[in-house]
Amino acid sequence: PIVFTINSAYKRREEALKYFASLKAHAIALFFAHRDWVKDDPSHAVRARDLTEKLLKRIREYLVVSDNRDNKLIAIYSVISDFSLSHEMLRNANVQATEISRANQYLRAIIVDFERMRNIALYRTPIPLRAYCQIFLNLFPILFAPYFANICHETYSLLGYGLALLYSVVLVSLDNIQEDLEDPYDGIGEDDVNLNVEEEYVRLMKNG
């Protein structure tokens, strides 16, 4: 069961990386659309850059915490609403309807990717399975104590102690790995998804 939960947590982390990459790519595509479709008015590009920065920041703030998420969710969709209104400003700047439709498709993709990342944050390893693993880890030393004691009695004492220590280290290590991978957004552990990227992408858009 511990190995199963580790595999499940690892797959969720990989899916989170995929969805976050797609979200960032569509946000950059929207920025380029604002920049290139109305070349004589740079204010559209600046507006899209600011909205992208705000969106990435709001998503990070939502995913890294486990409480008070309702207000943070409203803040995210407020930025998405501003993006939609920004598309109407492009329409008023005589951007073709087909291009506006494409921009709205990019925005829809951002929403879908965020909701998928949100589901990963809300729905993780089933609680009964995690409880079973925790109960087993606590009962294991008690259930196997006679076995280790028998090894100490019939062979070498150090061998029995060594096996008991080895089993405990292996199981506790696996459980710690699972705990680190359980929430890919909490920032605990080296393998979590790095959500603190808004400054990096703002620099990219400014230099772009």
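Predicted model: local features only at pLDDT ≥ 70, side-chain atom pairs only at ≥ 80, totals over all residues.
1. Aromatic pairs. The model holds 11 aromatic pairs. One of them joins Tyr 77 and Phe 114, whose ring centres are 6.2 Å apart with 75° between the planes, an edge-to-face arrangement. Tyr 77 belongs to helix H3 (residues 69–92) and Phe 114 to helix H4 (residues 97–122), so this pair ties together parts that are 37 residues apart in sequence. Tyr 77 is partly exposed at a relative accessible area of 30%, whereas Phe 114 is buried at 1%.

2. A pair between H5 and H6. The rings of Phe 148 and Tyr 167 are also described here: their centres are 5.8 Å apart and their planes stand at 70°, so the pair is edge-to-face. Phe 148 is in helix H5 (residues 127–154) and Tyr 167 in helix H6 (residues 157–182), so parts that are 19 residues apart in sequence are tied together. Phe 148 has 8% relative accessibility and counts as buried; Tyr 167, with 35%, counts as partly exposed.

3. How H5 and H6 lie together. The axes of H5 and H6 come within 8 Å and cross at roughly 170°. Angles over 145 degrees count as roughly antiparallel, and H5 and H6 are therefore roughly antiparallel to each other. On the H5 side the contact includes Arg 130, Gln 134, Phe 136, Leu 137, Phe 140 and Phe 148.

4. Helix H6. This helix has 26 residues and reaches 38 Å from its first C-alpha to its last, close to the 38 Å expected at 1.5 Å a residue. The buried residues in H6 include Gly 160, Leu 171, Asp 175 and Gln 178, along with Leu 181 and Glu 182. What the buried residues of H6 pack against is helix H1 (2–37) and H5.

5. Helix H2. Helix H2 (residues 43–63) is made of 21 residues, and its first and last C-alpha are 30 Å apart, close to the 30 Å expected at 1.5 Å a residue. Among its buried residues are His 44, Arg 47, Arg 49, Leu 51, Thr 52, Leu 55, Ile 59 and Tyr 62. The cover over the buried residues of H2 includes H1, H3, H4 and helix H7 (198–207).

6. A charge over a ring. Tyr 62, one of the buried residues of H2, has the charged end of Arg 69 sitting over its ring, 5.2 Å from the ring centre.

7. Asn 94. Where is Asn 94 found? Asn 94 is in the loop between H3 and H4. The phi of Asn 94 is positive, about 70°, although Asn 94 is not a glycine. With a relative accessibility of 71%, Asn 94 counts as exposed.

8. Val 112 and Ser 22. Val 112 has its place in helix H4 and is partly exposed, with a relative accessible area of 27%. Val 112 and Ser 22 are 90 residues apart in sequence, and their C-alpha atoms are 9.8 Å apart in space.

How values were computed: Residues numbered from 1 in each chain as written. Heavy atoms only, no water. Phe/Tyr/Trp six-rings, centres within 6.5 Å; stacked < 30°, edge-to-face > 60°. Helix = DSSP H or I, 4+ residues; strand = E, 2+ residues; numbered from the N terminus. Buried < 20%, exposed > 50% of the residue type's maximum accessible area, 1.4 Å probe, protein only. Lys NZ or Arg CZ within 6 Å of the ring centre and 35° of its normal. Expected span 1.5 Å × (residues − 1). Contact = heavy atoms within 4.5 Å. Axes fitted to C-alpha atoms, helices over the stretch in contact; angles between N-to-C directions. Parallel < 35°, antiparallel > 145°, perpendicular 65-115°, else oblique.
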